[in-house]
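This briefing sets out computed features of the structure shown below. It is arranged by topic for reading alongside the coordinates.

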Amino acid sequence: MSLRQHMISPLIGNNPITLQILGICSALAVTTTLSTALTMSVALTVVLVLSGGVISLLRHHIPPSIRLIIQITIVASIVIVIDQLLQAFMFDMSKRLSIFVGLIVTNCLVLGRAEAFAMRNPVAPSVLDGLGNGLGYSLILIGVGTVREFFGTGALMGVQLVTTVADGGWFQPLGLMQLAPSAFFILGLVVWLVRVWRPEQREYPEFRLGSGEDGRR
Amino acid sequence: MGSSVFPGLQRDRAVAPAQSIDAGRPVKRAALLGVDMPGLRPRLLCAQGDRVAQGQPLFYDRAHPVINFTSPLSGVVQSITLGPRRTLSALVISAQTDADVSDSQSVMAPETDPVDASSAEKLRAALQAKGLWPGFLTRPFGRIPAPDAQPDAIFVTATADHSHAPDPRIVLKACGQAFSHGVEALTLLTEGLVHVCQTPGPDLVEGSHERVRSQVFESGPATGLAGHHIHLLHPVDRQGQVWTIGYQDVAAIGQFLTTGSVDPARVIALTGSHVRRPRLLRTVAGAYLPDLIEGETRPFAKSFAPGDPKPKSASAAVLSGSPFSGRAAAWLGRYHQQVTLIDSAPERRSPARQGLLNWLWPGQAARERAGPGPLVPIADLDRELGFGGPAVPLLRALSVGDAEAAQRLGCLGMVEDDLAAVSMICTSGADYGRMLRHVLDELAADA
Amino acid sequence: MSGWLLDPHRLHWRRAWSPGGVTLAQAIALAPPVAVTLFERGPGQLMILIAALLASLVWELAFASLRRRAASWHGVTTALIFAVMASPDTALWQVMLAMSFGVVFGELVFGGRGYGFLPAAAAALGFLLFSFTGAGLAPAGTGLVIATLPGALLLLATGLVSWRALSMAAVVIILTGVAGQGLDGIWSSGVWMRDAWAPALGISFGLVFLVSDSLSTASTNPGRYVHGALAGLLIVLFDAVAGPDIGQAAVVFAALLASVFAPIIDYFAVALVLRRRRAGHG
């Protein structure tokens with residue numbers, strides 16, 4: 001794969017959330033507003049890029065038996081730095097994201113890319129792979145966050161776009177959007193739409209209802 | 001039988017057959033059918049145009065050369081059609097036109113010596129040579145057993161699988177001692193028990209061998225089938241094997257051992273709303289059905305007397321077998337006890353509707369193309385499955401071809417007939433018997 | 001290619017329930033309750049019914065065209081149940097949104113009625129309650145309770161509603177009511193011990209059409225008992241209305257949650273049956 005491919009394919013073709021189904025938990029939690037979703041996206045992308053680069057640099061020196069511990073240590077160090085930066089320069093945002101920045105360490109996406117890619121590829125592809133996956137993740141998060149914030153409150157990035165009924169307007173916010181399950185539904189719809197658009201991403205169950213003579217598959 | 005509120009099992013508009021045995025119209029042709037022995041590859045002993053006598057071996061199983069298949073009629077081999085992969089499709093024998101017409105009836109063969117069946121090996125050899133071996137079917141899988149297979153038990157089915165099938169007691173009364181003689185001989189074939197599953201009434205095998213057990217079951221689609229009996233008395237799994245045999249085949253065995261000749265006759269019930277006089281007939285297995293039912297159908301008239309069960313359509317579909325498990329055929333199946341004439345399904349009368357109308361109300365063809373519908377778990381499903389267990393999980397496993405789940409739920413003890421009643425009432429319209437066969441073939445291949 | 005269907009003659013000869021027939025029976029059973037609610041609550045309820053029918057029709061046709069299958073009219077019963085339970089002052093666009101959600105995610109994505117495991121009406125009502133602050137369900141009057149009875153009897157007689165689930169749910173509700181108030185409290189509510197059985201009767205519509213509908217309960221007989229008991233328990237837990245009577249919202253969410261558990265209840269019921277079979281035969 002060319003270097004450009006590493007960056008482009010995780011956007012749609014190999015999107016970490018819609019195809020690999022990784023990192024869903026944070027997609028649920030931080031997408032109530034667009035600003036938190038953006039902050040989380042940036043934080044995760046930075047972590048992915050840096051961890052991808054560092055782990056790739058050290059890949060020949062990490063003993064296989066303790067590689068997971070080493071990877072977590074590296075990722076945790078990066079995350080702690082980012083957390084401190086957020087607390088220092090964006091304190092309100094850090095309060096709203098609360099524990100979810102720290103939980104980037106456990107995000108399966110980060111460890112998944114480290115294990116699947118950074119451990120066996122040189123630095124430049126690993127960095128770009130991290131960047132691509134981060135961008136793919138960000139794409140989904142920003143989409144979900146936009147929908148949830150707009151339909152849940154009528155605002156985007158805190159800027160009120162439509163007047164709600166409570167303020168004397170016409171827009172009735174959808175209370176469901178402020179709850180976590182709405183993110184599940186929206187993600188489900190996104191996955192569905194992507195797989196209609198790109199049939200090669202479809203997964204087939206082991207057993208299906210048959211309609212032809214031997215049409216089990 | 002059947003739920004009395006709203007549609008359940010078909011409350012038969014047809015009249016039950018009179019339980020008295022008539023001589024059936026002599027048939028001019030009979031056939032040995034490949035569907036009765038699926039997967040069997042024959043090695044032919046005759047060719048088209050050969051003269052054959054009744055009881056003469058026509059072919060044997062290529063996999064087990066000692067198992068012979070004999071002719072039910074004397075006559076000429078009219079045609080031999082092979083099916084896919086060199087299996088048999090049909091072997092048709094046409095009766096001699098100038099021969100004794102009663103050849104196709106049950107006739108007492110000239111007196112010959114009783115057969116020496118003192119040991120199991122001699123009995124097996126005699127049965128296999130004379131074409132009586134295919135009367136046995138194994139469980140699991142429902143196939144003709146291998147010549148040297150040892151069953152853990154044998155089940156004699158002397159119950160009827162449908163309310164319009166012949167009453168076994170009436171048929172056996174005409175057989176005399178042959179039935180009990182046959183049952184005693186069966187004890188040589190197994191070291192386990194021989195269960196004689198009969199309808200309530202005087203014991204058919206009173207005072208018989210110590211390993212013969214009488215079991216009482218009601219006739220009917222859920223309780224009259226061998227699968228139900230096996231499930232209750234001797235459930236099978238992968239390891240064991242039991243055999244089932246019908247009561248008429250046992251009587252034939254008994255008579256063969258006494259007289260040395262095989263009587264190919266078989267008593268079936270002619271039933272259905274298109275039959276003028278439903279009753280029992282004596283004919284041969286594989287009989288050509290249009291010959292048998294000639295003159296038996298009632299003319300379709302616009303008006304009938306009130307209370308007279310009248311057919312709904314002018315044309316009749318001829319089913320070999322009961323309305324639940326039969327097949328539309330021109331020949332009587334080897335294991336069938338009934339011939340049913342029902343209304344045939346209407347042809348697609350109107351031309352295919354176009355465009356939006358067809359999309360909103362698709363016709364029959366589109367429905368068929370779509371495949372089975374959804375399975376609504378109504379209460380009747382559990383009742384019509386004669387296996388006591390939960391029906392819906394089994395039907396779901398069969399619908400998707402999940403052989404492992406179906407086996408866990410006990411599908412190894414079933415054959416197609418056991419699911420016929422359920423298929424009749426399930427909303428999906430699926431043929432669960434066919435699905436079961438698909439799963440059983442997969443399990444047999446894994447064995 | 002007819003594939004796995006019965007051969008045409010037997011298919012034509014048999015007289016069995018068809019999925020459309022099942023829906024028709026349910027619609028007939030729903031007719032009295034619908035008539036009573038329209039009479040009691042006036043034209044607002046009629047507009048809600050029409051909006052619900054429209055929403056279900058639109059999505060039914062959309063899925064029929066997208067998935068290239070025949071359109072069916074199962075959405076009618078979903079709309080009828082929704083119209084009976086929704087409050088007459090619900091905004092029509094909210095009705096259509098909730099019905100769209102319920103019909104699409106409850107039924108159509110699985111392939112239509114009978115292929116899924118959720119009661120679509122409960123999903124629609126749940127969406128309504130979750131999403132819009134101030135949205136509520138209409139309380140059940142005596143008229144509705146009486147009107148439910150003939151339909152319930154019809155469905156029970158034909159096996160389309162599981163009496164096992166229904167009876168267990170009612171029993172659990174009554175028992176918890178008695179346990180909660182004590183026998184003295186129940187006795188003091190009147191000679192007929194109204195407080196014992198009135199809560200269950202008040203939610204009888206939801207019990208019959210949402211909880212014990214044969215498509216949303218477990219599909220094994222032992223499982224149906226457990227499903228009914230679970231639903232009864234959840235109804236009591238979710239009840240947020242003070243006093244002995246039970247709010248309608250509790251039935252909706254209990255029906256949804258219990259039907260989500262139905263497959264796993266079936267799994268264990270089958271395992272139990274198989275273990276008993278194996279033990280019985282050695």
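Among the contacts in chain A (heavy atoms within 4.5 Å) between residues at least 6 apart in sequence, 71% join residues at least 24 apart. The model is predicted: local features need pLDDT of at least 70, side-chain atom pairs count only at pLDDT 80 or more, and totals for chains, interfaces and linings use all residues. Residues are numbered from 1 along each chain as its sequence is written, chains are lettered from A and ligands numbered from 1 in the order in which they are written, and side-chain values use heavy atoms, with hydrogens and water left out.

**Chain A overall**

- Chain A has 8 helices and 2 strands, where helices (H or I, at least four residues) and strands (E, at least two) are DSSP runs numbered from the N terminus.
- From the N terminus on, the order of elements in chain A is α-α-α-α-α-α-α-β-β-α.
- The C-alpha trace of chain A spans about 65 × 65 × 30 Å along its principal axes.
- Of the 217 residues in chain A, 43% are buried; buried means under 20% relative accessible area, exposed over 50%, and partly exposed in between (1.4 Å probe, protein chains only).
- Chain A exposes about 11,000 Å², and carbon and sulfur atoms supply 70% of this area; accessible areas come from the Shrake-Rupley method with a 1.4 Å probe, and for residues only the protein chains shown count as cover.

**A buried glutamine in chain A**

- A:Gln71 lies in helix H4 (residues 67-89) of chain A and is buried, with a relative accessible area of 0%.
- Apart from neighbours within four places in sequence, A:Gln71 is in contact with A:Ile55, A:Leu111, A:Ala114, A:Glu115 and A:Met119.

**Cavities**

- There are 8 cavities of 30 Å³ or more; on a 1 Å grid over the protein atoms alone, a cavity is a set of points where a 1.4 Å probe fits but cannot get out, and lining residues have an atom within 4 Å of a point.
- The largest cavity holds about 440 Å³ of space, a volume being the space filled by probe spheres set on the points, with grid points joined across faces, edges and corners.
- The lining of the largest cavity comprises 29 residues, of which B:Thr70, B:Pro72, B:Gly131, B:Ala285 and B:Arg334 lie nearest its centre.
- Strand S2 (29-33), strand S6 (68-70), helix H5 (247-259) and strand S14 (265-271) of chain B each give two or more residues to that lining.

**Helix H1 of chain B**

- The buried residues of helix H1 (residues 120-129) of chain B are B:Leu123, B:Arg124, B:Ala126, B:Leu127 and B:Gln128.
- These residues pack against S6, helix H3 (178-186), strand S13 (242-246) and H5 of chain B.

**Backbone exceptions**

- Most residues other than glycine have a negative phi, and most peptide bonds are trans.
- The peptide bond from B:Arg139 to B:Pro140 is cis, with omega near 5°, and B:Pro140 is in the loop between strand S9 (137-139) and strand S10 (153-158) of chain B.
- B:Arg85 has a positive phi near 55°; B:Arg85 is found in the loop between strand S7 (75-82) and strand S8 (88-95) of chain B and is exposed, with a relative accessible area of 74%.
- C:Arg68, although not a glycine, has a positive phi of about 55°; C:Arg68 is found in the loop between helix H3 (43-66) and helix H4 (75-85) of chain C and counts as exposed at 74% relative accessibility.

Notes
On a 1 Å grid over the protein atoms alone, a cavity is a set of points where a 1.4 Å probe fits but cannot get out, and a pocket is an open set with protein on both sides within 12 Å along at least five of seven lines; lining residues have an atom within 4 Å of a point.
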